[in-house]
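Colleague: I am new to this structure and would like to know how its descriptions are reached. Could you take me through them, please?

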Amino acid sequence: MERHTTVISQPELDRQAAICREIASYWKAEGRTPLAFVDTYGCQQNEADSERIRGMLRACGYRMSDTEEGADCIVINTCAIREHAETRVYGNVGALVHTKNRHPAQKIFLCGCMMGQPAVVEKIKHSYHHVDGVFNPHQLWRFPELLQSVLTRRKRIFAVDDSAGNIAEGIPVVRASKLKAWVSIMYGCNNFCSYCIVPYVRGRERSRRPEEIIEEVKGLIAAGYKDITVLGQNVNSYGKDLDCGVDFADLMASLAELPGDFWLRFMTSHPKDASCKLFDTIASHNKICNQFHLPFQSGNDRVLKTMNRHYNRAQYLELVDYGRKVMPNLVLTSDVIVGFPGETEEEFEDTISLIEQVRYDALFTFIFSPRGGTPAAKMEDPTPKEEKNRRFDKLCNVQNRISLEIHQAYVGKTMRVLVDGRDGENLTARTEGGRLVRLPGDDSLIGQFIDAKITGCTTWSLVGEAVL
Ligand code: SAH
Ligand code: SF4
Ligand code: F3S
């Protein structure tokens, strides 16, 4: 396939880096270190983007702050996936009027997926005058230039485009953790599930070159990272636009063959493209965690078809069976939507029966939220809100029971965990399957793989003790 993706050129990226140095010397001349606050909504893609925004801000001389109060620059990285996410953003951005009144030189930027919607940008333009700059995900690499314009020209900036998106390599990154890292391997989505806004705001699928990804992961391993998650909206499509003969399973295999002591994870997979080859690759590489997040969305074939998902219940279950055959310890998680337009009680019961059949370790459950511009937003939706809430509660109860039963079966087992932090009295750790374990212990264990004996559990986490 011919590659249409725009790769931002090195001279353009060098120009942005030069602007960072100019901004840094401006602040130096002012005689102080400016503060920046970056707030992130939404998924790991946005977390990863925020790490790049922090990287650019640091290159511009800013120090990160953990509050908007008194910050010289505020960046709100927004999410558009459901109405609730947008409502929270509007509320918090509205409140920044007061923060800015107390610190009038403050510059406020909004970016991320909400800014990929022209109607949102119009609303910000006309009703949120304290916002200085807006940019959509395709414009992220130009942030230094946008920041400089806002600082020097005192004009509001709206940098939004409706292109198919681009790839920008080598943007500086400030990572939130020293142990866990996100690595975007591709951007955008081509699937157009009928309920979903992502393809409209994040552009078409485009894969980074394997050698760029391998170099980044090598760097992370050398820097001591132990838990590396590769990201894409549909990682199974990785490489289809590159024409270099490397698919997602091949990429995972090359990463897993790098020397070092680390775990590799990935998300998210679309069932229509998940291959047996991928399951085999995970099974045959110790460093790739036996964990699969495989969103099913609905257990009913008619609903799946209206969602434009391109698989049916039987095909989905076949995949799960194959995965469990080659990896009996596979930890499976998923996303599900309740109350899709026109979903009947019987169709909802198919979702419940699929959950009972698969027995996921954990589920991310959502009530359908109409997104302007998507086909599902125009579909007849006669089911009352109360009924959707009832279905949602029923589904959560079923899943909570299953999660608890699965967790109870861990009790008595000893497993390898990565200790990743502290939460009050206890250390926190993750199993290979991504389950949270709380265990007593000394801070010196943070960052280490240890064996832990599981001694108890709740619906959402495990309790254990270190076996040293
Ligand atoms: N690319 C990922 C998911 C991205 S969004 C994938 O395809 O698996 C994360 C989840 O949000 C989706 O899996 C879906 O369950 C949910 N979601 C997306 N749009 C939604 C909407 N309009 N209403 C409710 N839930 C939605
Ligand atoms: Fe949205 Fe579907 Fe793309 Fe996932 S695969 S981001 S749910 S359109
Ligand atoms: Fe939200 Fe955008 Fe992620 S819409 S879920 S932040 S891709």
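**Ligands, strands and spaces**

Modeller: Gladly! Around ligand 2 we find Cys189, Asn191, Phe192, Cys193, Tyr195, Cys196, Val198, Pro199, Gln233, His270 and Arg309. This is a predicted model, in which local features need pLDDT of at least 70 and side-chain atom pairs pLDDT 80 or more, while totals for chains, interfaces and linings use all residues. Residues are numbered from 1 along each chain as its sequence is written, chains are lettered from A and ligands numbered from 1 in the order in which they are written, and side-chain values use heavy atoms, without hydrogens and water.

Colleague: What makes a residue part of the surroundings of ligand 3?

Modeller: A residue is near a molecule if one of its heavy atoms lies within 4 Å of it. For ligand 3 the surrounding residues are Gly42, Cys43, Asn46, Cys79, Ala80, Ile81, Cys113, Arg202 and Gln233. By class they divide into five nonpolar, three polar and one charged, where Ala, Val, Leu, Ile, Met, Phe, Trp, Tyr, Cys and Pro count as nonpolar, Asp, Glu, Lys and Arg as charged, and the others, Gly among them, as polar.

Colleague: Why is Phe192 called partly exposed?

Modeller: Buried means under 20% relative accessible area, exposed over 50%, and partly exposed in between, using a 1.4 Å probe and protein chains only. Phe192 has 29% relative accessibility, so it counts as partly exposed. Phe192 also has a positive phi of about 50 degrees although it is not a glycine.

Colleague: And what makes Asp243 exposed?

Modeller: Its relative accessible area is 58%, so Asp243 counts as exposed. Asp243 sits in the loop between β12 and α8, and has a positive phi of about 60 degrees without being a glycine.

Colleague: Why is Gln291 called buried?

Modeller: The value for Gln291 is 19% relative accessibility, so the residue counts as buried. Gln291 belongs to strand β14 (residues 291-293); helices (H or I, at least four residues) and strands (E, at least two) are DSSP runs, numbered from the N terminus.

Colleague: How do you know that strand β12 is largely enclosed?

Modeller: Five of the five residues of β12 (residues 227-231) are buried, so the rest of the structure largely encloses this strand. Both faces are covered, with Asp227, Thr229 and Leu231 buried on one side and Ile228 and Val230 on the other.

Colleague: What makes β9 and β12 a pair?

Modeller: Two strands pair if DSSP finds at least two bridges between them. Strand β9 (residues 180-184) and β12 have five bridges, in the parallel sense. Five bridges also join β12 to strand β13 (residues 263-267), again running parallel. Thr229 is the bridge partner of Trp182 and stands opposite Arg265 in β13.

Colleague: How many cavities of 30 Å³ or more are there, by your rule?

Modeller: The count is one. On a 1 Å grid over the protein atoms alone, a cavity is a set of points where a 1.4 Å probe fits but cannot get out, and a pocket is an open set with protein on both sides within 12 Å along at least five of seven lines; lining residues have an atom within 4 Å of a point. Grid points are joined across faces, edges and corners, and a volume is the space filled by probe spheres set on the points. The largest cavity has a volume of about 150 Å³. Its lining has 13 residues, and Arg52, Pro137, Asn166, Tyr187 and Arg206 lie nearest its centre.
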